[in-house]
Amino acid sequence: MVAVLLDGLSWLCLVAGVLAALIGGIGLLRLPDVFSRMHAAGLIDTLAAGLIIVGLVLQSPSWTVAVKLILIIVFILFTSPTATHALARAALHGRVLPWLGDRSSPSEGAPSSKA
Amino acid sequence: MTRAVSLGLAMAALWLLLSGYFDKPLLLAMGAVSVVLVVLLSRHMDVVDHEGHPVHLSLKVLAYWPWLLKEIVVSSIDVAKVILAPSLPIAPAVFTVRGRQRTELGRVIFANSITLTPGTVTIALDGEELTVYALTAQAASGWEDSEMNRRVAAIEAAT
C-alpha cells in the first residue's frame, strides 16, 4: 500500500518536473531576448530539476542514494544563480542590453537568438 | 581553528555519505587522510573564513531554505503562466533594490535568492545596491520591503 502511494507520488513529481522543463523550453523559444530567456532557464534549473530529483528520491532503493540525490539539488541551488549571474554579466559586458518593451529604443540584443 | 574543525567534520560526513563505506577500515583511513589534507590545503589557501565556510549561519539558513523553496515554486508558477499565455504578457524592467543586510555575504545570499526565484535575476551587486532584472511588472514591485529582504537580514542579524 505504502509502496503504491510512494510510486504514485514519485510519478506525479516526475511528470510535473517534465512539464516544467517543457514549459521552460517553450519559454526559451517564445521570449524575446537573452535576459528574459534566463527566466525560462531558471524555471528549468530550479523547479524542473527539483521536481524530477524529488521524484527520483522517492524511487531510490537505499537511503544513501536518496542522500546523494538531495545533495545534487543543494548543489544546483548553489551553483545555478552564480551561473545565471555570470551569464547576465557577460551579456552586459558584450553590450547586450535588456529589451524593455516599447519604452526604450530596441537594443541590439532584442531579437537575439545567439544565447 | 573551530572553523577548520567544523569544515573537517562536514567533509568527513560528506565523504561517508557519498562513499557509503562504513565498515572498511582501510578505505575509512584513506578518507580521513584526504579530509585532513583538504582542510590543511584550505587553511593554507586562507579560504576557511566567514565567507568560505559560513558555519555560523547554518542553522538559520536551514530554516530559511524551506521558505525560499516555497517562494521558488510560487514564482515558477507565475512565470509558467506568463510563458504559456498566448499574448505573452511580459513587461521587462530593470530596477535597483537596497539590501538591508549588513555583510557582503548577506547581500550575496539575498542576490542569489532573487536570482533563484524565477522571474527575477540579479544583474549586479554594488555596495548595498542590487540591480535586478524582472520579467513582469508584478515581479518587479515591492522588493525593497520584501519578506525575502527582511528574512535574509535576519539570518545574519544575531551573529
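The C-alpha centres of domain 1 and domain 2 of chain B lie 35 Å apart, where domain 1 covers 2-45 and domain 2 covers 57-157, with bounds that come from an automatic or database domain assignment. Please keep in mind that this is a predicted model, in which local features need pLDDT of at least 70 and side-chain atom pairs count only at pLDDT 80 or more, while totals for chains, interfaces and linings use all residues. Residues are numbered from 1 along each chain as its sequence is written, and chains are lettered from A and ligands numbered from 1 in the order in which they are written.

Let me turn to where the chains touch. The contact takes 28 residues from chain A and 26 from chain B, with two residues counted as in contact if their C-beta atoms, placed from the backbone, lie within 7 Å. On the side of chain B, at least two residues each are supplied by α1 (2-19), α3 (58-84), β1 (93-98), α4 (104-116) and β2 (120-126); helices here are DSSP runs of H or I with at least four residues, strands are runs of E with at least two, and both are numbered from the N terminus. The largest share, 7 residues, comes from α3(B). What kinds of residue make up the side of chain B that touches chain A? They divide into 20 nonpolar, 6 polar and no charged, where Ala, Val, Leu, Ile, Met, Phe, Trp, Tyr, Cys and Pro count as nonpolar, Asp, Glu, Lys and Arg as charged, and the others, Gly among them, as polar.

Chain A has 3 helices and 0 strands, and of its 115 residues 34% count as buried, that is, 20 or more other C-beta atoms, placed from the backbone, lie within 10 Å of the residue's own. Helix α1 of chain A, residues 2-30, reaches 42 Å from its first C-alpha to its last, close to the 42 Å expected at 1.5 Å a residue, the expected span being 1.5 Å times one less than the number of residues. Among the buried residues of α1(A) are A:Cys13, A:Gly17 and A:Ala20, and what covers the buried residues of this helix includes α2 of chain A together with α3 of chain B.

Next comes α2(A), which is mostly covered, with 21 of its 26 residues buried. This helix bends by about 25° at A:Ala49, the bend being the angle between axes fitted to the seven residues ending there and the seven starting there.

Methods. Buried ≥ 20, exposed ≤ 12 C-beta atoms within 10 Å, placed from the backbone.
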